[in-house]
Amino acid sequence: MALLIAFIAYITSNAIANLKLLGKTFSFDFLAMPAHYDINQTLIEYSSKSTHFRAGVVGILNTLLVAFWGVILATILGFIFGILRLSPNWLVSRIVYCFVEFTRNVPVLLHILLIHGIVVHVLPQPRAAKEWANFGDAMFFTNRGVFSPMPVPEAGFSWVIGAFVAAVIFAFFFRKWAKARLDATGKPLPVFWISFGAIIGLPLLVYLVLGAPLTWNIPELKGFNFRGGFVIRPEFLALWLALSFYTSAFIAEIVRAGILAVSKGQWEASSALGMPRSRTLNLIIIPQALRVIVPPLTSQYLNLTKNSSLAIAIGYMDIVATVGGITLMQTGKEMETMIIVILFYLTVSLCISAIMNWYNQRIKLVER
Amino acid sequence: MSDAATTERYEVGKHPELPPPLLASGPIYWVRTNLFSSWYNVFLTLLGAWFVWSIVPPLLEWGIFDAVFEAADRAGCQALGDGACWAFIHERFKIFIYGFYPEPERWRVIVAFVLLFVALGPLLFDKFPYRGKAMLFSLAYPFVAAWLLLGGFGLTPVGTDQFGGTLLNIIVGVTGIVISLPIGILLALGRASDMPVLRMICVSFIEFIRGVPLITLLFVASTMLSYFLPPGTSFDLLLRVLIMVTLFSSGYMAEVIRGGLQAIPRGQYEAADSMGLKYWQSMRLIVLPQALKISIPGIVNTFIGLFKDTTLVIIIGLLDILGMGRASLADAKWAGLSTEVYLSIALFFFLFCFAMSRYSLYLESKLETGHRN
């Protein structure tokens with residue numbers, strides 16, 4: 001303990017001496033100064049006149065954006081691959097095996113660069129995209145990004161959203177009521193299909209009754225690039241796809257191991273009780289598999305978030321590229337910027353861990 | 001099944017032998033059960049076959065049949081065929097392997113690489129001839145390798161700034177792997193210890209390392225570490241990177257080993273105590289052998305992860321194989337060949353990492369003593 005304190009005191013005194021020698025001060029004043037650099041993808045308003053602080057916020061939002069969508073796509077793909085890997089179909093499980101092994105054993109940075117290279121070099125220029133990477137004159141795949149129509153809500157669209165919210169609330173209570181009925185009378189209801197129909201059907205009905213209060217802002221070719229519509233930039237696209245593919249290979253293995261961990265006797269016992277296969281899966285197998293799947297899944301989500309810091313290699317402006325990159329270069333505040341970046345990642349990691357631990361507690365088997 | 005054979009009456013023991021049922025074995029049976037057992041399996045099979053058909057032939061055509069292996073530049077490639085241009089990889093191969101390591105001294109890298117396998121052999125395989133004596137060489141290997149690569153004592157000195165390509169990946173990977181295992185074991189024991197202060201220090205170190213991306217640690221190594229040293233001192237960038245990579249992977253290693261430690265039943269600890277073993281004795285003789293055995297898959301996974309993470313050094317400007325590949329893309333003579341370069345590098349990593357994961361399977365089956373339920 002004394003050694004540790006002595007060590008910390010020693011490196012702190014060294015740091016102070018070094019900073020003094022270089023004529024630098026330890027302060028976070030630079031955050032209020034104008035940043036003087038542009039960021040190509042921003043979720044909030046930002047210009048080169050904005051402060052370093054705002055640049056940092058833009059970077060944080062970009063990190064969170066790619067992590068959020070990456071987690072979603074990786075989970076979906078991972079579960080699909082994991083289940084297909086266990087398929088009795090030999091051909092399908094072999095294909096998935098090859099994909100998973102190849103993806104897992106290649107560095108994620110290489111995935112990012114490879115996909116970025118493909119997006120930039122293989123997809124056409126915007127002008128050429130009009131000819132061949134064109135889906136119904138509305139969606140264009142170009143090397144400057146994917147351009148798709150953007151929905152523009154008109155007056156009355158809030159009713160549709162209201163209907164959606166109402167349907168979700170209805171589904172929630174319907175589920176509770178159906179469960180109570182099942183417990184009381186033993187009669188099951190097709191809860192999933194009824195809730196699904198309500199959540200999709202009600203907003204659709206309102207939408208059609210109000211006369212489709214939604215227009216689409218369709219991208220148009222103006223000069224050298226498309227204007228309007230919704231743009232997914234190539235850097236984001238490459239990073240998102242690479243992180244999702246890479247992580248999905250790991251998730252596939254986790255899902256496979258989780259399902260295999262449920263013993264065969266559980267299947268047999270449940271079918272001996274006369275349960276249909278779907279209910280066996282829902283009520284017996286998946287709850288037990290999830291217990292095994294969730295803890296390693298959490299660390300995969302954390303890995304994905306941390307790997308998003310590799311964005312700097314292809315110029316996606318996340319927190320490491322803004323605060324830890326350009327701001328560091330401009331201001332020379334290595335210590336302060338690095339502390340900000342590290343604290344950000346620690347916070348995100350702890351938050352994801354906390355959320356997943358809470359979920360893990362919920363699905364844990366209650367042992368009596 | 002022929003009806004005649006089953007309806008006719010025979011005396012006991014006189015029944016003629018029936019042919020095996022046609023559809024219970026053999027290739028047709030296999031195809032039926034594995035590919036066409038139900039309507040959705042037929043659908044999946046057709047989908048899979050279509051997928052393979054649409055991916056594999058074009059890929060082979062691009063990568064092998066239409067590819068160009070010898071050409072002077074990109075234009076020469078395009079003149080000879082419209083597939084991949086492997087001529088570029090062919091030309092840059094040496095640079096990808098050695099980086100800027102001086103040409104006449106490259107035999108030293110090869111010797112060090114071959115000796116690496118000689119040193120690894122007795123550690124990895126227990127049937128290695130003269131294992132005991134070979135182990136001594138394994139212990140001496142790090143010094144031999146450092147002498148061979150860095151020079152001095154009769155060899156021309158080579159600066160670490162000239163290291164590059166796969167050489168750099170292997171140096172960073174192997175060093176990280178070798179040093180992080182003992183540190184990881186110590187951290188895991190510290191985390192499981194009864195002393196609250198030691199436990200707290202270990203927990204916060206591990207959680208800090210695991211909560212932060214490796215890139216930020218490498219940035220710290222390249223920009224900030226010198227602040228914490230006595231004024232005026234500075235040391236080699238590669239060394240700083242090695243320290244950071246080792247610390248990083250020992251954090252992960254500690255967690256893997258902690259899992260193994262927790263899986264050991266309490267009775268083992270208590271039995272060791274009641275035998276009168278001291279803490280280190282009981283750890284060395286009773287607990288760690290079992291715990292490490294359980295954690296082998298996790299340990300190898302950490303190694304694989306670490307080896308893949310060695311590519312991140314390009315972010316702070318070291319030129320490993322990926323860095324060399326990326327830098328060579330800037331050559332105007334060979335513009336636009338990123339797919340070829342990245343795919344060859346991917347193949348390199350795939351071979352190494354896949355071999356490691358196979359080795360872990362081998363080790364698992366070898367150490368499986370049947371005690372697990």
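Buried, in these legends, means under 20% relative accessible area, while exposed means over 50% and partly exposed lies in between (1.4 Å probe, protein chains only). This is a predicted model, in which local features need pLDDT of at least 70 and side-chain atom pairs count only at pLDDT 80 or more, whereas totals for chains, interfaces and linings use all residues. Residues are numbered from 1 along each chain as its sequence is written, chains are lettered from A and ligands numbered from 1 in the order in which they are written, and side-chain values use heavy atoms, with hydrogens and water left out.

**View 1. The disulfide of chain B joins C77(B) to C85(B).**
A disulfide here is a pair of cysteine sulfur atoms within 2.5 Å, and the S to S distance between C77(B) and C85(B) is 1.9 Å. Both C77(B) and C85(B) are buried. The torsion about their S-S bond is about 70 degrees, so this disulfide is right-handed. Over all chains, the count by this rule comes to one disulfide. C98(A) is in no disulfide, and the nearest cysteine sulfur to it, that of C353(B), is 17 Å away. C353(B) is likewise in no disulfide, its nearest cysteine sulfur being that of C98(A). With a relative accessible area of 0%, C353(B) is buried.

**View 2. Helix 10 of chain B packs with helix 11 of chain B.**
Helices (H or I, at least four residues) and strands (E, at least two) are DSSP runs, numbered from the N terminus. Two packed helices are described by the angle between their axes and the distance between the axes. For helix 10 (residues 214-224) and helix 11 (residues 237-263) of chain B, the angle is about 145 degrees and the axes are 9 Å apart. These axes are lines fitted to C-alpha atoms, for helices over the stretch in contact, and angles run from 0 to 180 degrees between N-to-C directions. Contact means heavy atoms within 4.5 Å. From helix 10 of chain B, L214(B), L217(B), L218(B), V220(B), A221(B) and S222(B) take part; they meet L237(B), R240(B), V241(B), M244(B), V245(B) and F248(B) of helix 11 of chain B. By class, this contact has ten nonpolar, one polar and one charged residues. Ala, Val, Leu, Ile, Met, Phe, Trp, Tyr, Cys and Pro count as nonpolar, Asp, Glu, Lys and Arg as charged, and the others, Gly among them, as polar.

**View 3. R108(B) is a buried arginine in helix 6 of chain B.**
Helix 6 of chain B spans residues 106-124. R108(B) counts as buried because its relative accessibility is 0%. Leaving aside neighbours within four places in sequence, its contacts are Y101(B), L148(B), L149(B), L150(B), G151(B), L155(B), T156(B) and V158(B).

**View 4. The largest nonpolar core has 157 residues.**
A nonpolar core is a set of buried Ala, Val, Leu, Ile, Met, Phe, Trp, Tyr and Cys residues joined through side-chain atoms within 4.5 Å. F163(B) and L261(B) have the most contacts inside the largest core. Helix 8 (residues 234-261) of chain A gives this core its largest share, 14 residues. Not counting residues up to four places away in sequence, L261(B) touches A188(B), L189(B), A192(B), Y269(B), V287(B), L288(B) and A291(B). A second, separate core has eight residues, among them Y46(A), V58(A), M317(A) and A321(A).

**View 5. Helix 15 of chain B is mostly covered.**
Six of the eight residues in this helix (residues 321-328) are buried, namely I321(B), L322(B), G323(B), M324(B), G325(B) and S328(B). Their cover includes helix 4 (108-122) of chain A, together with helix 5 (87-98), helix 8 (165-191) and helix 16 (338-367) of chain B. In helix 16 of chain B you will find F348(B), which counts as buried at 16% relative accessibility. Apart from neighbours within four places in sequence, F348(B) is in contact with T166(B), F307(B) and I321(B). The C-alpha atoms of F348(B) and I304(B), 44 residues apart along the chain, are separated by 13 Å.

**View 6. N357(A) lies in helix 12 of chain A.**
Helix 12 of chain A covers residues 334-363. N357(A) counts as partly exposed, at 47% relative accessibility. Between the C-alpha atoms of N357(A) and L77(A), 280 residues apart along the chain, the separation is 23 Å. For context, chain A has twelve helices and eight strands, and 44% of its 368 residues count as buried.
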